[in-house]
Amino acid sequence: MKYILLVLLLIFTESQSQVLVTPRIQCRTKKCEGDNFCFQGYCTPCDGPRSIWTKRKPQWGTKIGEALNVPAYSNYGDLDVQDKNKDEYLLDSQINFGEEIYIGQKYQCVHYARRFWVSQYNTTFGSVDRAEQIFDLQEAYNFDTKQNIQLKKFLNGGIEPPQQGDLLIWQKDNGEFPYGHVAVVIAIDIVSASPHVLIAEQNYDQAWDTRNFARALKVSIGENKEIIVSNNRQTFPNKDDLKCRDDEITSQGVILGWVRLEIQ
Ligand SMILES: *[C@@H]1O[C@H](CO)[C@@H](O)[C@H](O)[C@H]1NC(C)=O
């Protein structure tokens with residue numbers, strides 16, 4: 001009897017101290033609000049996983065991920081954007097295509113996008129000073145067929161969803177995207193409970209968490225089937241900590257729309 005009382009007392013004090021010290025909110029029935037995520041059934045502050053992510057600083061030029069056989073590299077710590085030594089040209093392009101094919105400056109976001117089109121479609125687009133200007137380009141150039149290819153532009157919020165190979169373009173702003181930003185669409189899912197676009201990119205996260213995409217962006221569908229892609233990560237019921245990667249600052253970015261190669 002004494003023993004049982006002791007156990008009961010222990011259980012009681014244990015549950016009391018838990019309640020008093022850390023009011024834990026179960027997240028099975030309710031979504032975690034604010035800067036918290038659902039971890040083992042309880043809302044848990046994002047600080048933990050975020051401090052781990054922000055400590056990861058892979059050396060500039062380290063491979064950080066790969067999508068559809070196009071690897072991405074860390075651009076960590078790159079402050080000199082004028083350095084001509086970082087310009088990359090397609091290997092043996094003079095021999096194989098009779099002309100030098102410029103890929104871009106390692107390892108900027110535009111460098112990934114152009115390298116993706118070069119390796120997947122033998123197609124390049126003109127020089128831009130900043131990623132946002134890709135949305136103003138009218139055509140791309142196939143260096144294999146020597147043909148110009150019309151570009152199709154879709155404004156974010158229209159009814160045409162992005163598709164694999166499209167370039168998502170971010171507007172230039174005074175916060176996180178002073179030059180805009182570009183990412184490649186790898187996959188899109190607008191029918192599940194967590195609609196999203198999977199993207200591949202450089203110069204954003206400096207590690208992809210060993211997945212074959214960089215980020216899953218949240219998609220919302222409007223009343224008239226408008227597709228709205230946001231800069232916020234989509235969260236998935238069993239991967240809710242991914243939500244912590246976007247804090248208030250990183251959620252301000254505006255996606256202008258997507259650019260598509262009109263391949264005949
Ligand atoms: C790219 O060009 C090479 C060389 O001409 C060719 O073998 C390859 O099939 C082309 N790829 C595409 C996707 O057009």
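**Figure 1. Helix α4 and the residue that follows.** Just after α4, N122 adopts a positive phi of about 55° in this predicted model. The helix itself covers residues 109-121. With its 13 residues, α4 reaches 18 Å from first C-alpha to last, close to the 18 Å expected at 1.5 Å a residue. Look along the helix and you will find it mostly covered, as ten of the 13 residues are buried. Those buried residues are C109, V110, H111, Y112, A113, R114, R115, F116, W117 and V118.

**Figure 2. The largest nonpolar core and a second one apart from it.** Here we step inside the chain, where the largest nonpolar core gathers 45 residues. L168, I169, V182, V184, I199 and A200 have the most contacts inside this core. Helix α4, from the previous view, gives the most to the core, contributing seven residues. Another core, of five residues, lies apart from the largest one, and C32, F37, C46 and C244 are among its members.

**Figure 3. The surroundings of I169.** Leaving out residues up to four places away in sequence, I169 touches A131, E132, I134 and F135, as well as G180 and V182. Its list of contacts also takes in I255, L256, G257, W258 and V259. One of the partners, V182, is listed alongside I169 among the residues with the most contacts inside the largest nonpolar core.

**Figure 4. Strand β9 and its two pairing partners.** Strand β9 (residues 147-155) is hardly covered, and the count of buried residues among its nine residues is zero. Strand β8 (residues 139-142) runs antiparallel to β9, and four bridges join the two. At this pairing, N142 stands opposite Q147 in β9. The hairpin of β8 and β9 has four residues between the strands, and K146 there takes a positive phi near 60°. Follow K152 across to β15 and you will meet R260, its bridge partner. As a friendly reminder for reading this view, side chains in a regular strand alternate between the two faces of the sheet.

**Figure 5. V219 and Q234, side by side in space.** V219 belongs to strand β13 (residues 215-221), whereas Q234 sits in the loop between β14 (227-233) and β15. The two residues are 15 residues apart in sequence, and their C-alpha atoms are 7.7 Å apart in space. Which burial class does each one fall into? V219 is partly exposed because it has 19 other C-beta atoms within 10 Å, and 20 or more would be needed to count as buried. Q234 counts as buried because 21 C-beta neighbours lie inside 10 Å.

Figure 6. Not counting residues up to four places away in sequence, V219 touches I190, P195, H196, V197, I227, I228 and V229. With its own neighbours within four places set aside, Q234 is in contact with S194, H196, A216, L217 and K218.

**Figure 7. The whole chain, for orientation.** Stepping back, the chain holds four helices and 15 strands. Of its 264 residues, 31% count as buried. Among contacts with a separation of 6 or more, 49% are between residues 24 or more positions apart.

Methods: Residues numbered from 1 in each chain as written. Predicted model: local features only at pLDDT ≥ 70, side-chain atom pairs only at ≥ 80, totals over all residues. Buried ≥ 20, exposed ≤ 12 C-beta atoms within 10 Å, placed from the backbone. Contact = placed C-beta atoms within 7 Å. Pairing = 2+ DSSP bridges. Core = buried A, V, L, I, M, F, W, Y, C linked by C-beta atoms within 7 Å. Expected span 1.5 Å × (residues − 1).
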